[in-house]
Structure formats: structure tokens, C-alpha cells
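Dear colleague,

I am passing this structure on to you, and I would be grateful if you could look through it before reading my notes. The notes themselves come after it.

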Amino acid sequence: MPKVVIREGPGTGSEYQVAQAVILGRLDSSDIPVKDTKASREHAKIYKQGDRFAIVDLNSSNGTFVNGERITKHLLEPGDEISIGTVRLLFEDPEAVAAAEAAKQSKRKSLDAAFEGGRAAAAAGAAAGQSDKIVMRGHQPIQYSRIKPGRPLLGFDLDQISDIGRFAIYVGLVIVFAVLMYVAYALVTG
């Protein structure tokens, strides 16, 4: 369950669970009391928004800051520091961290599988006269594409160029040919 921990200021070390919505403020009746003269009675609210949590400033006099920036509303991430006056609070969400780590592991596994599948496809493609392009970041593939054998022209593989680019190359070649023909005609006719 997400929680807010007071890191600095009165009440340092206190932890408060965040279920659906909590009010941060100077009042003792606040869900999370912020004992600072710069805090408003009802200063800010943390609430569940979908599967995440957000913080909204409740029109406080001195503002609410997240990671050093003044906010009116902000989607919280685990590790965000909330500042109200001189009090610093830390937003923690172990479930979100675990879910993000699981998603990262799943993505890594799928990339590894794609990379291994790409190697097999590359071997099959090499036998068929095709080649593969695999762009790597560290030891992880970030892009995989099949390169088809094309019609090289002046060092360009025209199958790997867009239709507009190919059209521009053809027009350019026609213009160069026309200029050469004009020059040849001018030289012959004197």
C-alpha cells in the first residue's frame, strides 16, 4: 500500500498509509498533519487516480512542491519528494515499484526472445540471400529489421528508400542526363 513518510521537519520518521485520499495540512485532524507555520489548514490532497496517485494543491498560500517544482496537480511516482514549507515528505509505493520491475523483466524477456528469433531468421535469410539489421543498445536489441536485396544505384539500395526519395533520385538523374545531352548537343553544333 502506498505511504507518505516525513523525511524532514516536525514528525520526522512518521509514516502514513494512503488508501484512497488523504488531506495534508496544519490541522491536527488532517490525515497527514504538517506542523509548519507555512502550511495551510488544508494544504494539499493525495488521491487515487486510476491505478496511480496524484497530489493537488488546495489553493494554499505558500504552495506545494514536488521534487522542487511548484505544482497545482501532479501524478506521483515512487520516490517523489513533496515539500510543504520546511517539511519534506517522501511518497513511496512498493506495489508500483514491484509492478514496474515485473514489466521491465517481461520486456527484457520478450526482447531476448526477439533477438534469439532474429538470429534464427538471420541464418535462414542468409541462406536465401537476405540479411538482417539488428541495432543494439549495450547487449539488448532495440530495433530489428529485414533488409531485402535491392537494386543498388550509385551505392543506394533503392528498396530501402521511401517512394518520394526514390522519385527525387529518378528526377535528378533525368535532369543530369538532360543537361549532359544539352552540353553534348552544344559542343557538336558549335
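This is a predicted model: local features need pLDDT of at least 70, side-chain atom pairs count only at pLDDT 80 or more; totals for chains, interfaces and linings use all residues.

Residues are numbered from 1 along each chain as its sequence is written, and side-chain values use heavy atoms, with hydrogens and water left out.

The sheet

Six strands make up an open sheet, in the order E2-E1-E11-E10-E7-E8, and their pairing is antiparallel; strands here are DSSP runs of type E with at least two residues, helices are runs of H or I with at least four, and both are numbered from the N terminus. Two strands are said to pair if DSSP finds at least two bridges between them. Strand E2 (15–17) and strand E8 (69–71) stand at the edges with a single partner strand each, so one side of each has no neighbour in the sheet. From one strand to the next the twist averages 30°, where axes are lines fitted to C-alpha atoms (for helices over the stretch in contact) and angles between N-to-C directions run from 0 to 180 degrees.

Looking at individual pairs, E1 is joined to E2 over three bridges, with valine 5 opposite glutamate 15 in E2, and E1 is joined to E11 over five bridges, with valine 4 opposite phenylalanine 91 in E11. Four bridges connect E10 and E11, and glutamate 81 stands opposite leucine 90 in E11. E10 and E11 form a hairpin with two residues between them, and glycine 85 in the turn has a positive phi of about 60°.

Salt bridges

A salt bridge is counted when a side-chain nitrogen of Lys or Arg lies within 4 Å of a carboxyl oxygen of Asp or Glu, and by this rule there are five. One of them joins lysine 3 and glutamate 92, whose closest N and O atoms are 3.7 Å apart. Lysine 3 lies in strand E1 (residues 3–8) and glutamate 92 in strand E11 (residues 87–92), so this pair ties together parts that are 89 residues apart in sequence. Lysine 3 is buried, at 18% relative accessible area, whereas glutamate 92 is partly exposed, at 26%; buried means under 20%, exposed over 50%, and partly exposed in between (1.4 Å probe, protein chains only). Lys3, Glu15 and Glu92 are linked in a network of salt bridges.

Another salt bridge pairs glutamate 81 with arginine 7, at 3.8 Å between the closest N and O atoms; the two residues, in strand E10 (residues 81–84) and strand E1, are 74 residues apart. Lysine 35 and aspartate 28 also meet in a salt bridge (2.0 Å, N to O), and of these two lysine 35 is partly exposed at 38%, while aspartate 28 is exposed at 63%.

The helix

Helix H2 (residues 163–189) contains phenylalanine 167, a residue that is exposed, with a relative accessible area of 57%. The 27 residues of H2 reach 39 Å from first C-alpha to last, close to the 39 Å expected at 1.5 Å a residue, the expected span being 1.5 Å times one less than the number of residues. Just after H2, glycine 190 takes a positive phi of about 80°.
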